[in-house]
Amino acid sequence: MVAPGTNDNVIEDNTVLGNTNGIILVPGVEGNIIRHNIVAGNPPVQLSVTFPADDGVDIKNQATPGTNTIDDNFCLTSVNAACPAVGRRGDKDEKEKEKGDDPHQP
Amino acid sequence: MSRVLSALGVTAFLFALFAGAGTARANEISGTISSTLTIFEDSELVGDVTCTVVGAPCIAFGASGLKLELNGFTITGRSSALTPCPPAGGEAGIAVDNQHDDVIKGPGLVQQFHQFGIRLNRSTNTVVKDVTLSSNCASGIIVIAGSDNELKGNVSVRNGSPIAPCGGI
């Protein structure tokens with residue numbers, strides 16, 4: 001996502017591995033949903049060794065925090081995103097469902 | 001009179017024959033593409049595609065509401081997966097520019113393009129589903145100033161370069 005006005009897109013259930021960055025949100029984008037993706041190994045270790053100045057990560061969120069939904073992804077490194085997160089994708093949805101079904105829950 | 005009717009019948013048959021063949025060529029894609037192939041109707045790959053297009057997309061959507069099915073085939077660009085990968089402006093495997101409601105459906109592989117695997121530029125409500133993007137010199141999939149697009153179930157591996165650290169998506 002490389003320009004302001006890239007809004008309200010859904011990026012889900014993708015597998016993003018071994019790229020110079022995984023998923024990037026640039027400044028000014030909003031309303032995008034990034035969920036249930038596996039995003040790991042970005043950049044590959046050899047790239048980091050050969051080009052130490054490269055600052056790639058799995059999820060790079062350069063947009064204003066809170067203006068996009070980045071949720072329930074499997075990821076290890078990030079800028080302004082909840083990584084590392086190594087739960088199974090969909091765990092959060094299942095837990096919320098179980099919570100709703102549990103009669104002992106308030 | 002019968003000769004006139006006979007001649008008309010032959011003409012109609014030949015017209016139908018050539019019209020049908022033209023439609024088939026537009027719908028079914030395979031082989032080498034050396035200049036941008038712009039599609040104006042639903043299309044599908046029927047074999048692997050090799051692209052030698054310089055500075056422009058390989059396949060471009062020319063209208064809204066179209067579907068391109070990759071059918072498990074591969075679209076390969078000009079770069080090498082084994083050598084350094086300098087990005088070249090304008091090159092992409094598939095480009096959807098200024099359209100809406102188009103669909104790119106995998107499974108299928110888009111690889112080794114000097115810039116993007118798939119470029120969505122100022123397009124809306126586009127769906128990219130189950131496509132694998134690999135060894136493209138910039139992004140696997142890039143969304144530029146578009147909204148309400150859906151990228152789902154894709155695999156983006158080994159895209160980008162140190163001088164263009166765009167990334168998988």
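The legends below describe close-up views of a predicted model. In this predicted model, local features need pLDDT of at least 70 and side-chain atom pairs count only at pLDDT 80 or more, whereas totals for chains, interfaces and linings use all residues. Residues are numbered from 1 along each chain as its sequence is written, and chains are lettered from A and ligands numbered from 1 in the order in which they are written.

**View 1. A parallel open sheet in chain A comprises 3 strands in the order β3-β6-β9.** Strands are DSSP runs (E, at least two residues) numbered from the N terminus, and two strands pair if DSSP finds at least two bridges between them. Because β3 (23-25) and β9 (78-79) of chain A stand at the edges, each with a single partner strand, one side of each is left without a neighbour in the sheet. Strand β6 (residues 59-61) of chain A is joined to β9(A) by 2 bridges, and Lys60(A) stands opposite Val79(A) in β9(A).

**View 2. Chain A meets chain B through 28 residues of chain A and 27 residues of chain B.** Contact requires C-beta atoms, placed from the backbone, to lie within 7 Å. On the side of chain A that touches chain B, β1 (10-12), β2 (15-17) and β3 of chain A are the elements that give two or more residues. By class, this side of chain A has 11 nonpolar (Ala, Val, Leu, Ile, Met, Phe, Trp, Tyr, Cys and Pro), 4 charged (Asp, Glu, Lys and Arg) and 13 polar residues (the others, Gly among them).

**View 3. Strands of the two chains pair in parallel, β2(A) with β15 (residues 155-157) of chain B.** The two strands are joined by 3 bridges. Leu17(A) stands opposite Val157(B) in β15(B).

Notes
Helices (H or I, at least four residues) and strands (E, at least two) are DSSP runs, numbered from the N terminus. Two residues are in contact if their C-beta atoms, placed from the backbone, lie within 7 Å.
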